[in-house]
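Q: I am new to this structure and would like a close look at a single part of it. Please keep the answer plain and connected.

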Amino acid sequence: MSSNEHEKKFSKKIRSFISFILFLLIVLLSMTVCAKGAFLNKSVIEKQFTSFEYTSGLRNNVSDYAKDVCKLQGISDGSVDDIFSYKAVSEAVSAYFGYYISDKIEYSGESHIKQINSVCDEFKIKIQNQLKADGVKYDEAVVDKIADEINEYFVNAVEMPHMDKAKSVLNVMDIALYAVIGVSAFFVLSLLLIEFFVGTKRQRSVRAIAISFLSAGIYELFLALIIYIISLVRSVDIFPLYLSKQFLSYVYMAISSVAFCGGILIFISVIIIAVVWKMRRED
């Protein structure tokens with residue numbers, strides 16, 4: 001075997017190895033960017049759980065409960081929809097997720113509770129005025145109990161379990177994702193340069209780079225498809241219904257972002273392949 005042939009085989013092995021490592025790093029980098037920009041982005045998560053669909057579902061749930069409590073006590077529920085309006089519920093939801101997800105300085109851990117207390121106090125006053133106007137004698141303790149029951153239900157509807165832990169995890173992940181993006185981007189650029197200068201045939205090196213991007217794109221599209229199929233065939237036992245729908249909406253958003261990243265990588269690979277084709281024509 002001539003030294004030239006030996007060099008070609010050695011270059012091919014090195015090129016293939018670097019191409020595989022580059023594929024892994026491209027997947028890591030793109031998935032991390034995808035996570036930082038989409039499904040682990042605090043602003044995106046907050047928007048998901050303060051959306052019109054989620055807030056409306058929560059508002060209808062609280063409103064229905066308040067009406068049921070009023071009916072059980074023989075009190076008119078005519079003012080429920082006015083007091084527990086979309087705006088009132090939206091402010092409580094925004095305060096809760098604004099603090100636990102986005103760390104907004106205008107909110108504290110008690111902001112949503114204060115908002116809910118304010119709404120329920122207004123509801124209690126409304127009931128009292130209504131009973132007085134109707135000339136009905138009432139027991140203040142009963143009215144207080146009604147307001148307290150609705151207040152507790154409202155708070156439980158807005159709050160989610162383990163949000164303190166979720167807040168800490170998101171804060172740590174926010175820093176970790178930046179670190180992973182920086183390190184993986186450095187190694188991707190380094191391997192791109194090394195790959196390009198392996199051997200004497202530049203077009204083969206560029207083709208290996210294109211294969212890395214293409215493989216990463218196909219992998220991410222396949223991953224998104226698998227997760228989507230699992231979400232269709234596997235039921236999610238989350239109650240109430242509006243929370244289950246919002247969770248699925250979040251999952252589909254994450255799937256879409258991964259699929260979009262995969263499409264971008266395939267598009268980049270097509271551009272690189274076009275460069276390879278041009279290089280071959282020039283040769």
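At what angle do the axes of helix 5 and helix 6 cross, and within what distance do they come?

A: The model is a predicted one. The axes of helix 5 and helix 6 cross at roughly 165° and come within 8 Å. Angles over 145 degrees count as roughly antiparallel, and helix 5 and helix 6 are therefore roughly antiparallel to each other. The crossing of helix 5 with helix 6 is left-handed. On the side of helix 5, the contact is made by Ala88, Glu91, Ala92, Ala95, Tyr96 and Tyr100. On the side of helix 6, the contact is made by Ser111, His112, Gln115, Ile116 and Val119. By type, the residues of this contact are seven nonpolar, three polar and one charged.

Helix 6 also packs against helix 7. Helix 6 covers residues 111–133 and helix 7 covers residues 140–158. Their axes are 9 Å apart, and the packing angle is about 150°. Helix 6 and helix 7 are therefore also roughly antiparallel to each other. The crossing of helix 6 and helix 7 is right-handed, whereas helix 5 passes helix 6 in a left-handed crossing. Helix 6 brings His112, Ile116, Asn117, Val119, Cys120, Phe123, Lys124, Ile127, Gln128 and Leu131 to the contact with helix 7. Helix 7 brings Val143, Asp144, Ile146, Ala147, Ile150, Asn151, Phe154, Val155 and Val158. These residues divide into 13 nonpolar, four polar and two charged. His112, Ile116 and Val119 of helix 6 take part in the contact with helix 5 and also in the contact with helix 7.

Two residues of the contact between helix 6 and helix 7, Lys124 and Asp144, also meet through their side chains in a salt bridge, at 3.3 Å from N to O. Asp144 is in helix 7 and Lys124 in helix 6, and the two are 20 residues apart. Asp144 is partly exposed, at a relative accessible area of 28%. Lys124 is partly exposed as well, with a value of 23%.

The side chain of Asp103 meets that of Lys167, with 3.1 Å from N to O. Asp103 is in that loop and Lys167 is in helix 8, so this pair links parts of the chain that are 64 residues apart. Asp103 is partly exposed, at 29% relative accessibility, while Lys167 counts as buried at 15%. Through salt bridges that share partners, Lys42, Asp103 and Lys167 are joined into one network.

In the whole structure, a search finds seven salt bridges. Asp174 lies in helix 8 (residues 163–196) and Lys36 in helix 1 (residues 3–37), so the pair ties together parts that are 138 residues apart in sequence. Asp174 is partly exposed, with a relative accessible area of 24%. Lys36 counts as buried, at 15% relative accessibility.

Definitions and conventions:
Residues numbered from 1 in each chain as written. Predicted model: local features only at pLDDT ≥ 70, side-chain atom pairs only at ≥ 80, totals over all residues. Heavy atoms only, no water. Axes fitted to C-alpha atoms, helices over the stretch in contact; angles between N-to-C directions. Helix = DSSP H or I, 4+ residues; strand = E, 2+ residues; numbered from the N terminus. Parallel < 35°, antiparallel > 145°, perpendicular 65-115°, else oblique. Left-handed = near helix turned anticlockwise from the far one by under 90°. Contact = heavy atoms within 4.5 Å. Nonpolar A, V, L, I, M, F, W, Y, C, P; charged D, E, K, R; others polar. Salt bridge = Lys/Arg side-chain N within 4 Å of Asp/Glu carboxyl O. Buried < 20%, exposed > 50% of the residue type's maximum accessible area, 1.4 Å probe, protein only.
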